[in-house]
Amino acid sequence: MDSKLRMFLQEFQLSEEEQELVCRLAVEKEYKAHEIIFHADRVFDHFLFIEEGMMRAYRIIDGNDFTYSFFLPGEIGVDFQSYLQGIQSNHYFETLVPTRIFRFEKEKIEALFNEHPRIERIAREMAEKAYIKAVERLKEFQAESLETRYLRLIRNQEELFKAAPLQHIASYLGVKPQSLSRIRAKIVNKFY
């Protein structure tokens, strides 16, 4: 398997045998664009490695759709709070384009972690990255302007703008699409 998953596992300096143990647990799935692949009010008892495509996690609050996260190739898609605490998730996960993932069941991956402690390091580092991402996002909302957040998103996740609808990007940035359109026009006017 020559894939983004293999490249991801190599980052953890696992042996070929350890990588193979992890890969054997992966269940490959393919989805069409705009499929809801996880519904809220269930426990997130697995995690998803995005091999190709793009997903988003969102919530419905008072009938409004709020995007919380985007997941791109080479990233892990999971509601960590639900996964770690065994509580119902309040997020939906939707593909934005045709997407291929590897699904890992919590029960099986945790059994592997117990048998091979070096592999368990992957879970710890994934949780640390998710925590850092959440803290950084909170800091951005507290201290940065919409324009700064938008420009950072373009710089760091340019591929979002090729597939994610503007309303999802606006929601992720915490604004209405009209506000984002005004910021985009302002930025264009600065450079042209």
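1. Strands and helices first: helices (H or I, at least four residues) and strands (E, at least two) are DSSP runs, numbered from the N terminus. Two strands pair if DSSP finds at least two bridges between them.

2. This is a predicted model, in which local features need pLDDT of at least 70 and side-chain atom pairs count only at pLDDT 80 or more, while totals for chains, interfaces and linings use all residues. Residues are numbered from 1 along each chain as its sequence is written, and side-chain values use heavy atoms, with hydrogens and water left out.

3. Look at strand E7 (residues 92–95). Strand E2 (residues 36–38) pairs with E7 in the antiparallel sense over two bridges. There, Phe38 has Phe93 as its bridge partner. Strand E4 (residues 55–61) also pairs with E7 in the antiparallel sense, over four bridges. Met55 has Thr95 as its bridge partner in E7.

4. Take Leu5 next. Leu5 lies in helix H1. Is Leu5 buried or exposed? Leu5 is buried, with a relative accessible area of 2% (buried means under 20%, exposed over 50%, partly exposed in between, with a 1.4 Å probe and protein chains only). Leaving out residues up to four places away in sequence, Leu5 touches Cys23, Ala26, Phe49, Glu51, Phe102 and Phe104 (contact means heavy atoms within 4.5 Å).

5. On a 1 Å grid over the protein atoms alone, a cavity is a set of points where a 1.4 Å probe fits but cannot get out; a pocket is an open set with protein on both sides within 12 Å along at least five of seven lines; lining residues have an atom within 4 Å of a point. Grid points are joined across faces, edges and corners, and a volume is the space filled by probe spheres set on the points.

6. There is one cavity of 30 Å³ or more. The largest cavity holds about 80 Å³ of space. Its lining has 13 residues, with Phe8, Leu9, Val22, Phe47 and Ile122 nearest the centre. By class, the lining of the largest cavity has 13 nonpolar, no polar and no charged residues (Ala, Val, Leu, Ile, Met, Phe, Trp, Tyr, Cys and Pro count as nonpolar, Asp, Glu, Lys and Arg as charged, the others, Gly among them, as polar).

7. The largest pocket has a volume of about 1,400 Å³. Its lining has 43 residues, with Ser69, Lys129, Ala130, Lys133 and Ala134 nearest the centre. H5 gives the largest share of that lining, 12 residues.
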